[in-house]
Amino acid sequence: MVERYNPQAIEPKWQARWEQDQLYKTLPACDKPKYYVLDFYPYPSGEGMSVGHARNYVPTDVLARYYRMKGYNVLHPMGFDAFGLPTENAAIKLKVDPHELNERYSANYVRQYKLMGLSYDWSRLINSAHPEYYRWTQWIFLKLFNAWYDPRLDKAVPIETLEAELAERGSGAILDYIDNHPEHIGVVNKGTPAITAEQWRAMSRREQNEYLYNFRLAFQAESTVNWDPVDKVVVADEEVENGRAWRSGALVIKRTIRQWFFRITAYAERLIKDLDEVDWPERIVTMQRNWIGKSEGAEVIFRVCNAEQSAIPVFTTRPDTLWGATFMVLSPEHPLVPHITAPEHKAEVERYIAFAKGESEEQRTATDKEKTGVFTGAYAINPVNGERIPIWIADYVLMSYGTGAIMAVPAHDQRDFEFAKKFNLPIKVVVFPQAEMERLGLSGAPSEAAITDYERRMTAAYEDKAGVIVNSGPLSGTPAGTEAIRAAIAYCAQMGFGKRRVNYKIRPWLISRQRYWGTPIPIIHTPDGPLAVPEHELPVLLPKVSAYEPGPNGESPLESIPEFVNTPLGRRETDTMATWACSSWYYIRFADPHNDKAIGDPKEIDYWLPVDTYVGGAEHAVLHLLYSRMWTKVLYDLGIVKFKEPFRTLRNQGLILSPQKRVDEHGREYYEKMSKSKGNVITPDEVIAEHGADALRGYELFISDFEQTVPWSTQGVPGVRRWLDRVWRIVLAPEEEKGPPAQMTPRDLRRIAHQTILRYERDLKAFSFNTLVAALMEFTNALYKARDAGLVGAPEWDEAIDILLRLLAPVAPHIAEELWHRLGRPYSIHQQPFPVADEAAARADVLHLAVQINGKVRDRITVPADADEETIKQAALASEGAKRYLNGAAPKQIHYVKGRLVSIVV
RNA sequence: GCCGAAGUGGCGGAACUGGCAGACGCGCGCGACUCAAAAUCGCGUUCCCUCGGGAGUGUGGGUUCGACUCCCACCUUCGGCACCA
């Protein structure tokens, strides 16, 4: 009797051998075709991994092993996103240096990865908190600091080109160009004043540097930011969900602090456009588009009555409704508010501004919120018709979007409609709806009476574009929508009070953190302004400190270390970079991870990048995945990399939930997420200890569709284990326990084997790993049947076993290697070529066709695969089932669906 | 509210381009082996049923010889966005 399958014995043995032989060490750039398959690199937590974390690692490992067997040079690396708050908070709590925790936690992760038999090339391991790595994060930071986005070249270029232009011609030409090419609105800070060459030359170096901040791709600015009072840290817009910080869950508050930003806004248009080139889940693409938030329209200047020099520009996507603007609303923070407010309204306005400021993000965005606002006492002139309209302030107008001021068109904007109703402001219809035209049977312009009548009946704004423009001077009579919008913009431009404008919701990416455990920002603040630390002095090392806590007002712990802060040239920057910076380029570093002369040898970078398949969770949709794209584009512009998009194919794995079913207060059943605090975590360690890594891997693949959220099943792993047991026995001892005799020819077995290869490759390419495993299980079942049909020992049998083991190798590498070894085949199975499907062998000899009568299956027929259509139809008509329903009559219709069925209509 | 995805047995899920619904696995039932148990093997397992069939993929309609698949309306769940002018 053959010994039993014992994963605990064979898995450590082979893992040690593979490691000793460096079986998975990746070759440098060469003539072989490459395949780069990457997992989102994790932040190593003290808790280690759960089976949920392995959900993406196993499929990518299958891909890596598959492509190796297909003859590709495969890059399949792993690293750690080691900086950041979780480790820092743990360090504070445990009173242990985060450097030490980082080493401890990442070592534990490596141990777990190895336990699962993942084929990473460990010689390429990177850790973002090691100076050899963050030196280059700092290097890229300086590339951004020393660059600006020239809108005329549509790319980033060194800041010296801007300085030269300012000295020669001032900034007028650049700002004019942006004005006429509104897609480039994000290349410069809002409100940057135009200066002449004389003014530039008259500035001190410090003033010049301050002005350059308006253009640099990495810049410092005074800004209202999201402050997380629990973690005592600022967080980026992308890290705030429903007014709460992404990580801590605390309600964020607004604070004004000087911070570092990356000018992601300069890339808004390209970040949208290049989404067309990537193979990403539609959901992520949509989220990025929404986040960037492009909208097109016009900027129109309204003048304030009795203060003709006060111009208030507004942004609108519906310039075709300009004639319907019956009031204006400014954001409470709008800088003009104090200047235009009439004395008798001053007190009320100030009270309202204080109220708006005190509102939290959550209150301000509450869904059922009533409109609030106050009248400033001032009036503006609607430039298209000269009408005098009141200026209000209200919190529904945001300073951060557009110009912070709107023209209110209550008839055609629901928010303005609600505001007008509440404060009894006039509503003027300028788009007469199509539906009303039809109701009245109108083909030409509606009468004044018809418009007034409709106006009276309105219960909501008419925001649709279907209809005809009325009461709008030269525009009246035009169909509303695109054409009218274009005409309105042309009219405004011609009259000199408006022009085409594009707006993006995306704002500069807030990168600085006043915390310890991050990459130091390599800047020294001199009396002349910010100074980049010279490249040869990098890295700026993160000094050891005794206390990691930020100050009570969020001061960086680095501020209290004089030897760090004080330099001969000035005061060193004490902010560190958020971890998003580290993760925005790590995929490049893997191409040449230990290079100490450059971020990587261009030969290696050009060979390996971009990433072919990138797999991770969907929670980074607008964070890491957007930031990385921006950095890639900057590096592309500066000639450092040759690719525009870092990740060609992206897939998101689904979540794995705890297996215990819970019932909520409404009696509904649900499964909770695995978390240490709930005590429901299942670790790969415990599963492997009981059933082995191969069974764990098999079940991770088999559990569900890859992208689906699914509860873990404790019964699932033993099921896969049973299958591996069956593989073990049928390979090593096929004759030991026979079942009842079965029917199968050698030809049948060969067909099944080759069909399995085809199914396997099709499923793998479709990320359909659950059906890939099912195909292997069916193949195994077929081998048992073949045994009972007496095929053991036939050449087809040996071929089938050979194919089974090769197909098994990427999925269950240990058992495949062991069985391969026991059959006396040469080490290692993982260096064998993948089997090639023989299409002829896979083809069926006979077809089993269903015979349908009026759409219902009534019989089945078997015909030779090469039978012609007429023969097949006749065979179907002659079948017992068909005869029963035909009763000798001729069929009305008869359809043959190739290889599937014959459908007869009687 | 808006946008997107998804609803299939007791459970996880299959089903290619509109073509035999329920592959594969779990669970369950019956049987074999065994003194017994475990393991293993075999058979069965959508529902109803008068054993000939009938119904069936969230609900209601439609297109088609034929619909899990396409169209319309609705319900539910999950994700995302949410005063973005």
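This is a predicted model: local features need pLDDT of at least 70, side-chain atom pairs count only at pLDDT 80 or more; totals for chains, interfaces and linings use all residues.
## Contacts with the RNA

A polar side-chain atom of K371 sits 2.6 Å from a base oxygen of RNA strand B. S704 has a polar side-chain atom 3.1 Å from a sugar or linking oxygen of RNA strand B. The side chain of N770 places an N or O atom 3.2 Å from a phosphate oxygen of RNA strand B.

Several elements give two or more residues to the surface near RNA strand B. The helices are α26 (716-732) and α28 (769-788). The strands are β13 (307-316), β34 (846-853), β35 (856-864), β36 (893-897) and β37 (901-905). Which element gives the most to this surface? It is α28, with six residues.

## The surface around the strand

How many residues surround RNA strand B? There are 53. The closest are T317, Y401, R415, I703 and R860. Of the atoms of RNA strand B that come within 4 Å of the protein, sugar and phosphate account for 60%.

## A covered strand and its partners

Now to strand β29, residues 611-616. Is β29 mostly covered or mostly open? It is mostly covered: six of its six residues are buried.

β29 pairs with strand β1 (residues 34-39) in the parallel sense, over three bridges. β29 also runs parallel to strand β30 (residues 647-652), and five bridges join the two.

V615 of β29 figures in both pairings. D39 stands opposite V615. In β30, R651 is the bridge partner of V615. In a regular strand, side chains alternate between the two faces of the sheet.

A helix belongs to this picture too. β29, helix α23 (residues 624-637) and β30 make a β-α-β unit. Which hand does the unit have? It is right-handed.

## Domains of chain A

Chain A is divided into three stretches by domain assignment: domain 1 covers 294-503, domain 2 covers 665-841 and domain 3 covers 844-905. How far apart do the C-alpha centres of domain 2 and domain 3 lie? They are 36 Å apart.

How values were computed: Residues are numbered from 1 along each chain as its sequence is written. Chains are lettered from A and ligands numbered from 1 in the order in which they are written. Side-chain values use heavy atoms; hydrogens and water are left out. A residue is near a molecule or strand if one of its heavy atoms lies within 4 Å of it. A polar contact is a pair of N or O atoms within 3.5 Å; within protein, one must be able to donate a hydrogen and the other to accept it, and residues adjacent in sequence count only if both atoms are side-chain atoms. Helices (H or I, at least four residues) and strands (E, at least two) are DSSP runs, numbered from the N terminus. Buried means under 20% relative accessible area, exposed over 50%, partly exposed in between (1.4 Å probe, protein chains only). Two strands pair if DSSP finds at least two bridges between them. A crossover is right-handed if, with the strands pointing away from the viewer, the path from the first strand over the helix to the second runs clockwise. Domain bounds come from an automatic or database domain assignment.
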